[in-house]
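My notes follow the order in which I checked things.

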Amino acid sequence: MTSHSILQIESLDIALRSGDAILTGVDLAIAPGKVLGVIGESGAGKSMIGAAIADTLPPGLAISRGSIRFDGLTLTDMTARTRRDLLGRDIGFIPQEPMTALNPTLTVGQQIGRHLARIGIANRATRDKRAIELFSEVGLDRPAQLLKSYPHQLSGGMLQRVLIAMAFASNPRLVIADEPTTALDVTIQAKVVELIARMRQAHDTSVLFITHDLQLAADVCDDVAVLYAGRIVETGRAEEIIDAPRHPYSRCLSLAAPNLDGPVAPLMILPKAMPGAVERAAMRGCAFAPRCPAADEACTRTPPPRRAVSPGHVSACHYPERTSAIAPPARRNAGDLAAPGEAAVLRAQGLGKAYRQHDWLGRVREVEALRGLDFTVREREFVGIVGESGSGKSTLTKLIVGLENVTSGTLHVVGLDRTSTPRERFFDQVQLVFQDPQSALNPRRRIGSLVTQSLECRGNGLAAKARRELAAELLAKVMLPPDAADRFPDQLSGGQKQRVNIARALCSNPRLLIADEIVSGLDVSVQAQILELLRGLREQASFSLLLISHDLAVVRHVCDRVLVMCKGEIVEQGPVEQVFGAPRHPYTMQLVAAARGRPRSDDRHAREASDLS
Amino acid sequence: MRIWSWLSDPGLVIGGAIAGLVLACAVCAPWLAPYHPNDQDLLYILAPPVWAPDGAAEHLLGTDSLGRDTLSRLIFGARTAMEVAVAASFGAMALGAVLAHLAGYFGGRVDWLISRLVEIWLSFPPVVLSMLLIIGLGVGTDKVILAIVLVDWTRFCRVLRSEVQVVRGQDYVSFARLVGFAHMRVIVREIFPATLPMLITLFSLQMGISVVVEAILSFVAMGVPADVPAWGQMIADARINMFDAPWGLALPILAIFVTVLSFNLFGDGLRRVLDPRHRANGHV
């Protein structure tokens, strides 16, 4: 685009050895000191761009066409050796999972020391001094002690700071950040993003920011490129693409994400799934056409040209002008939700859970995971629990389903005392939807057998025919076709698997359903499907739901009430709108502020001081 | 589709073919062998095989010092070897797998107990243990089988236990418990199908090991009785005349070598095609 770019990628193709394209004709350019966001769902190929620059493409993949130019040098023509010299020194990396990026057997100091030695600081004392400087720059406390600690002694947020410090240590011209905040808690996410933005300014570095999160990209990036099925469908200024997209896919993505402000609007649901590499090869027209609400005949026949819709804003669509008219379908009976009943399905009073730990002398120490929880979930009520990792959310679910024992207080589940009632009484009444459908569905069972699994050990052995009918009925409830019953989990997409997971939990007509982070691993468009499904089930409302999530917008979209948990205690509870709209507890305020994102205003510097703790 | 990917693994195909051939020889021994293995033809003592200068067509692979036909003895030897290998591997698998599932599934004290038992068992030299067992029990095919089972179940137990632990950590196992499946049902319906590929692979590898152990025991005359032809015994018999009639020594060694190699290749091939991680690489 501009005559002077730090990174310029031109018509880059990456293909499998079989010839199927993973990336097709990718053009990107980053101007000095700018942040370019690459947005895409899983399978779009966004990480491949970073991998192509870093020369770490997975085996079987290779660049088949195009060039990557970095600061006037053509990376794709370089020998492996010269290229390696460039990486880490002129191009820095911030990885996705800070917890696995550092060697657990070496101290943080040794690892940053090696990196500094590599970028040319020969003297050990100088290296230590520089490391301490860098650590203070990224806001880490007591940097000198930090050098001697091992990675497992630090939290995820601290590790990511260490890695950011390393990435910026050599004043690189370019930093590639591949989903740097995905593995972190919400409040830490905000700080890490803030930090990357600040480091970029201080070092005048360009950043390639790869993410699946539209909102995050809007906060961080100057320019944004939206990737779909290996092609860039839209590029332009971040605000324009978020607020006034000119490609249907970008619009659908932003309509599919639940929001924290404004009315709870229905989410945009995209039919089908993103085509894979092999399917794409067979398509002649636009890869998005089969899912596009604005597509017509021409879209499936000819590939859309990439053209500027306004200066600096490029869209690859036949009809960019149709984009703004796309809206999610209205709900059939909007707003008319069944009122929750009076009877309590779940009641906790002074509920606590303590783990006993023995140290090497045999002394017993009690660790309180939960302390004095008081709450009620009424019939047909959807309640959300929000909190960060370590807040005790998962321990609470384990208590409710009976995987752990209550140590203090009382817990009444479906009117029965959890501690004194035998396990069998709860089996059909309380069901759990697991977080990871991959792990929760036995890969060797067919879907039909999976969804009716809970009937298998009941006395009234259902006949094969009745069981099939029930399976079809359950699949219909979660909007899956009846022929899915004969397939195996591996033949379904992530979203479909999660729906099977939900259908299975509904099989025994439970009175209480517990959903533990059931959308956190899913893409935005798939998450929208699941959230709308939960909304739909809520209208029929035959059960109560306890939805555990770290994402406030998700909870707001589905639930009536919310409990905010922090360090094993409920710090605030109440109706969703009230808690998120006017939070009273400082922790809730912090959560809500983090979820709202960085205000795009000038008070950034004022906030920095308070944020860097 | 699955079958094609299986056939594209050379180790699996070659190993499987040879192993199948050996098994077929074992089953059809009475019809395949030209003579009874213990019949003596005193006109031909230490006859060389047919391709050697003095070879005769009556005895294709020659005879031993008692005038017994080497080919027939090899074929019947395969029968003994396979009988022992199949029964012993199956026994070791059954014992090891049951204990492994119990240890891996229940964990805690059960796991502690079974794991310590395996460790104690493994610290005892296996050859000495099997010889002690034979001395105690006496010679016989069934005794050899028992000795191998009692020595080798630990191998199954160790490897499978960690496999069970991995599957145990999957959420679908927790779910089965939460909807009220009994422990045994969870093990049989949810865990066992997942460990079965590993079990089959280990079984194939154990077949090779059992053939070697059986040969060692018959070599030192602590295996099968003297009237049952066995490869180890043939090696022991041919040892005395090894300079005059080297073929009598080489052929049974070759038989053992090829058999063990084929089971190892087959087992390795099975491990490759049954490994879900390997299969997952197929579609990126």
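I needed one definition first: helices are DSSP runs of H or I with at least four residues, numbered from the N terminus. I also noted that this is a predicted model.

**Entry 1: helix 1 of chain A.** I looked up which residues of helix 1 of chain A are buried. Helix 1 covers residues 46-54, and its buried residues are K46(A), M48(A), I49(A), G50(A), A52(A) and I53(A). I then checked what follows the helix.

Entry 2: I traced an open sheet in chain A with the strand order 2-1-4-5. Its pairing is antiparallel. Why is one side of strand 2 and of strand 5 of chain A left without a neighbour in the sheet? Strand 2 (21-30) and strand 5 (73-74) are at the edges, so each has a single partner strand. Strand 4 (residues 61-70) and strand 5 of chain A run antiparallel and are joined by 2 bridges. I found R69(A) with T74(A), in strand 5 of chain A, as its bridge partner.

**Entry 3: the sheet of 8 strands.** I went on to an open sheet of chain A with the order 6-7-8-3-9-10-12-11. The pairing here is mixed. Strand 6 (91-94) and strand 11 (307-310) of chain A are its edges; each has a single partner strand, so one side of each lacks a neighbour in the sheet. From one strand to the next, I read an average twist of 25°.

Strand 6 of chain A runs parallel to strand 7 (residues 174-178) of chain A, with 4 bridges between them. I91(A) is opposite L174(A), which lies in strand 7 of chain A. Helix 7 (residues 156-168) of chain A packs on this sheet and touches strands 6 and 7. Its direction is at about 170° to that of strand 6 of chain A.

**Entry 4: chain B.** I asked how many residues of chain A are in contact with chain B. I found 16 residues of chain A in contact with 14 residues of chain B.

Last, I checked helix 2 (residues 10-27) of chain B. From first C-alpha to last, its 18 residues reach 25 Å, close to the expected 26 Å. Its buried residues include L12(B), G15(B), G16(B) and A19(B). V22(B), C25(B) and A26(B) of this helix are buried too.

Note on methods:
Residues are numbered from 1 along each chain as its sequence is written. Chains are lettered from A and ligands numbered from 1 in the order in which they are written. This is a predicted model: local features need pLDDT of at least 70, side-chain atom pairs count only at pLDDT 80 or more; totals for chains, interfaces and linings use all residues. Two strands pair if DSSP finds at least two bridges between them. Axes are lines fitted to C-alpha atoms, for helices over the stretch in contact, and angles run from 0 to 180 degrees between N-to-C directions. Two residues are in contact if their C-beta atoms, placed from the backbone, lie within 7 Å. A residue is buried if 20 or more other C-beta atoms lie within 10 Å of its own, exposed if 12 or fewer, and partly exposed in between; C-beta atoms are placed from the backbone. The expected span of a helix is 1.5 Å times one less than its number of residues.
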